[in-house]
Amino acid sequence: MAEEPTYDDRDGFIWLDGQLVPWRDAKVHVLTHAMHYASSVFEGVRAYDGTIFEADWHSQRLRDSASILGFDLPWSVEQITAACYETMKANNLKDAYVRPVAWRGSEQMGVSAQRTKPHMAVACWYWGQYLDPGAGGLRLDIAPWRRPAPFTAPVQAKAAGLYMIATMSKHYAEGRGFQDALMFDYRGQVAEATGANAFFVKDGVLHTPTPDCFLNGITRQTVIKLAKRRGIEVIERAIWPEELEGFEQFFLTGSAAEIVPVGSAGPWNFAVGDLTRQIQKDYSDLVRGKLSL
């Protein structure tokens, strides 16, 4: 099997600060503020058959995330969405993963960044299944790091800095033979996986942690709507680890991951059941225009 090319050495185009540039030429300076102080926000978006799912919602969240971090983007929602489509067209992609990212530039160095300018790029590529659950569902470890309290970090922004502990936790899990990790929060409650929200099933009811210290994902909110459309009760609440033994099914949701069943998390085991499969099908039909909400 041919080795996958690195992300800095590919053919194609990337949208950078208002214009398409050759992929290999989409560069920033080493003293860019975002590289040193994590002043960066991003989105993960999927396109299906030429249509970006919830494009404007993602574009609005990018603007909101930047605003939470204290820098406003000069590009409107419509302009960000248009840039995503322009980049897809330039790369001749209809089924794609789209990555808009915005950051503080190299105009000033130091913790203070008042004189930095906002920059934005959009890249896209074909990305197949992000997490392969196999027949029995994903195997999750328990992360050694916890999601921070909302008074210690901008938890409702899709900010690059918040993913540091996600990377550390995923690497820890992979080093122990697992595919991902289940993260608890600062109180010890169940939070999410390293890049996807969590849903549990018991007696035909969906239970999901309240997103008060982690990102309330767009796919998460979509799944809640899909479940309610089918008359499935959804309970958003605090979930403690000791409750996991009583759940029958467990699945993850995310724009990259889509809907992925979990077979085990630490010592707890789950079935890949009918409700999970139904949500998977409904989501697949929705993003491909076969179903509407």
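Author: His33 lies in helix H1, residues 33-37; helices (H or I, at least four residues) and strands (E, at least two) are DSSP runs numbered from the N terminus. The model is predicted, so local features need pLDDT of at least 70 and side-chain atom pairs count only at pLDDT 80 or more, while totals for chains, interfaces and linings use all residues. Residues are numbered from 1 along each chain as its sequence is written, and side-chain values use heavy atoms, with hydrogens and water left out.

His33 has a relative accessible area of 3% and is therefore buried (buried is under 20%, exposed over 50%, partly exposed in between, with a 1.4 Å probe and protein chains only). Leaving aside residues up to four places away in sequence, His33 touches Ala38, Ser39, Arg104, Gly105, Ser106, Gln108, Met109, Gly110, Val111, Ser112, Ala113 and Thr116. Contact here means heavy atoms within 4.5 Å.

Next, the nonpolar packing. A nonpolar core is a set of buried Ala, Val, Leu, Ile, Met, Phe, Trp, Tyr and Cys residues joined through side-chain atoms within 4.5 Å. The largest one has 26 residues, and those with the most contacts inside it are Val41, Ile52, Leu73, Met88, Val98, Met120 and Val122. Two or more residues each come from strand E4 (45-48), H2, helix H3 (77-90), strand E6 (96-104) and strand E7 (118-125). H3 gives the largest share, four residues. Not counting residues up to four places away in sequence, Val122 touches Ile14, Trp15, Ala83, Cys84, Thr87, Val98, Arg99 and Pro100. A second, separate core has 21 residues, including Leu140, Val190, Phe200 and Ala257.

On the aromatic side, the structure holds 14 aromatic pairs. Rings of Phe, Tyr and Trp (its six-membered ring) pair if their centres lie within 6.5 Å; planes under 30 degrees apart count as stacked, over 60 as edge-to-face and the rest as tilted. The pair of Phe53 and Tyr283 is edge-to-face because the planes stand at 80°, with the ring centres 5.8 Å apart. This pair links distant parts of the chain, 230 residues apart: Phe53 is in the loop between strand E5 (51-52) and helix H2 (55-68), and Tyr283 is in helix H6 (residues 274-287). Both Phe53 and Tyr283 are buried.

Trp127 and Tyr130 form another edge-to-face pair, at 5.2 Å centre to centre and 80° between the planes. Trp127 is partly exposed at 24% relative accessible area, and Tyr130 is partly exposed at 35%. Ring pairs join Trp127 and Tyr130 with Tyr7, Tyr97 and Trp125 in a cluster.

A charge sits over a ring if NZ of Lys or CZ of Arg is within 6 Å of the ring centre and within 35 degrees of the ring normal. The charged end of Arg10 sits over the ring of Tyr7, 3.9 Å from its centre. Arg139 has its charged end over the ring of Phe178, 4.6 Å from the centre.

Last, the backbone. Most residues other than glycine have a negative phi. Glu54, not a glycine, has a positive phi of about 50°. Glu54 is in the loop between E5 and H2 and, at 33% relative accessibility, is partly exposed. Asn92 has a positive phi near 55°. Asn92 lies in the loop between H3 and E6, and its relative accessibility of 70% makes it exposed.
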